[in-house]
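Reader: I'm new to looking at protein models. Could you walk me through this one, feature by feature?

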Amino acid sequence: MQISLIQAILIALLGYLTFIHTPFLGGGLVGWYCIGRPLVSALFIGIILGNIPKAMELGLYIQLIFIGLITPGGSITPDMNLATYVALPLGVAANMDAASTVALSLIVANVANIMATPNFAMTMIPVNIQKRMVEEGKLEEAVWVPIWGNGVKFLFRFIPTFVCIYYGQAGIEWIVKNSPQWLIDIMTIFGNPMCLVGFAILLKLMVKKPTDLIYFTFGFALVGALGADMITVLVFALVIALIQFQIGRAAKKGGAV
Amino acid sequence: MSEIKLTDKMIKNAYINWMCFNLALYQPETMQAPALVRMFGLLREDLYPGDKEKQQELMARHLPFFNTEPFLGCIIPGIVLGMEAEKASGADVPDELITAIKSALMGPFAGIGDALLPGTFIPILLAIACGLTQDGSPIGAIFYMVVFLGVMIPVTWFLFKKGCELGANAAELILGNDLKDDIITALNTVGLIVVGCIACAYANVNIGFKFIRDDVVLVDLHELLNGVWPKLPVFVTAMLTYWLMAKKNWSAMKVILLYLVVAIVGYFTGFLAP
């Protein structure tokens, strides 16, 4: 399918609205941390492109890679936002498989990092203007700076996203059509375990002591060996967490467990 | 100077503007400060009616560097708003105290906030949402939106409001409370089990190695390993990836490049199958 001009504009606009620094879609809570998650973005991109199932299928795998993404202040992290809003629409349009879409999103996420520093540098302009306004007593004007000043971020989001999806679709389609089977196979082998990288980032955070890995193994075994579904796993997890919580409370009260 | 009472309307105004604009002009120099300037700028007439000089001082106080995890850390702007209202009412609140409270709290809340929100709550919720996403169904995405916003909007509003009411005591209530450690530990356990579950459900490692003689498959390594324990190759890869990243401090990029090399070698030797 072809991504139309309107669709490309809408997707690029949504990409900007769900960027970490955009205030206009309810700020980071509604934008970045909710609609901006690849799994949720996929639903909206699917609606815009008229193909929700395909978008969800690809969004799921992009989400798994970035599931442990943390963006601590000031550090430059892989650009999940651009990766989602470029790789996902292109993947849907060119009917790519999950592994290739994930590979594309990884390339975008890391190449897009080059924009982070110029973005920060240009943001200094409105910040300095706001500072000067406060010092000169132009208080009402200073209040409005974060609104128009965010235009800097708009430039660094909307334009690259739009250009990549609108002008990149022909190239991606050509690549998909002309890829030899061996390349597709390698991409599949490469993409198959890729989400484990995302999970390792999470494990690194969550595993406080080596025995914690047993919980991971437990969840793994529930699905692998017993074929449990998500809800069942969650019920088991909550039971164990509750017992652990109660033991922790009892120990702190100094009473017998 | 008359008593300035923070009304619900004022608190709500400050809360919404903080929640939306905290990162709007984010940059490495003053980070989230421009959002505080806006937040107080909008309330300047309420805090210092008609006193332009005081209003200017108020906004200038918040020009310097401020940075924390903006959502669970929203308690800090709340606390600062409470202090500014006291100051505006004539109480003796030195400027240095406001700056000191901000500086003292932003570090701990950045740590707790990042560990709890994008480090624990969001990945767990996403892991569950991913587990619910099957055959292109949007149910997982809808589940995530409803639960995430349903939890986070009341929680952040509560923190912000508590900050306004209790001032600096609110921070102590949260930082000094040992209940949160037990909650984090319990949440962590849920997270670990759920991540184990989706790792098994979504990651694949297909071993292509087969030992064939006279058209009869004598050894199918893939079948063999999965017979020992279902999805054993995935489990081993997961542990190896974790070991490289956590114990050997490999970056994600380095691990991904290793995957690529292994995929290419694995394909051409026939050891790995798509």
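**Reading the model**

Author: Let's start with one residue: B:Asp135 is exposed, with 7 other C-beta atoms within 10 Å. B:Asp135 is found in the loop between α6 and α7 of chain B, and has a positive phi of about 55° although it is not a glycine.

Reader: Before we go on, what do those labels mean, and where does the model come from?

Author: This is a predicted model: local features need pLDDT of at least 70, side-chain atom pairs count only at pLDDT 80 or more, and totals for chains, interfaces and linings use all residues. Residues are numbered from 1 along each chain as its sequence is written, while chains are lettered from A and ligands numbered from 1 in the order in which they are written.

Reader: Is B:Asn249 buried or exposed?

Author: B:Asn249 counts as exposed, with 9 C-beta neighbours inside 10 Å. You'll find B:Asn249 in the loop between α11 (232-247) and α12 (252-269) of chain B, and its phi is near 55°, a positive value in a residue other than glycine.

Reader: How many of the residues of α3(A) are buried?

Author: 11 of its 12, so to speak a mostly covered helix. Among the buried ones are A:Pro38, A:Ala42 and A:Leu49. The buried residues of α3(A) pack against α1 (5-17), α2 (27-35), α4 (52-65) and α5 (80-93) of chain A, together with α6 and α7 (139-166) of chain B.

Reader: Which residues touch the most other members of the largest nonpolar core?

Author: A general idea comes before the case: in soluble globular proteins, nonpolar side chains tend to be buried together. A nonpolar core is a set of buried Ala, Val, Leu, Ile, Met, Phe, Trp, Tyr and Cys residues joined through C-beta atoms within 7 Å. Here the largest one has 175 residues, and A:Ala42, A:Phe199, B:Val194, B:Val195, B:Cys197 and B:Ala199 touch the most other members. Helix α6 (residues 95-132) of chain B supplies the largest share of this core, 13 residues.

Reader: And how many residues does each chain bring to the contact between A and B?

Author: Chain A brings 93 residues and chain B 99, where two residues are in contact if their C-beta atoms, placed from the backbone, lie within 7 Å. On the side of chain A that touches chain B, helix α13 (residues 230-253) of chain A gives the most, with 13 residues.

Reader: What about the strands β1 and β2 of chain B: in which sense do they pair?

Author: Two strands pair if DSSP finds at least two bridges between them. β1(B) (residues 210-213) and β2(B) (residues 216-220) pair in the antiparallel sense, over 4 bridges. B:Ile212, for instance, has B:Val217 in β2(B) as its bridge partner.

Terms used:
Helix = DSSP H or I, 4+ residues; strand = E, 2+ residues; numbered from the N terminus. Buried ≥ 20, exposed ≤ 12 C-beta atoms within 10 Å, placed from the backbone.
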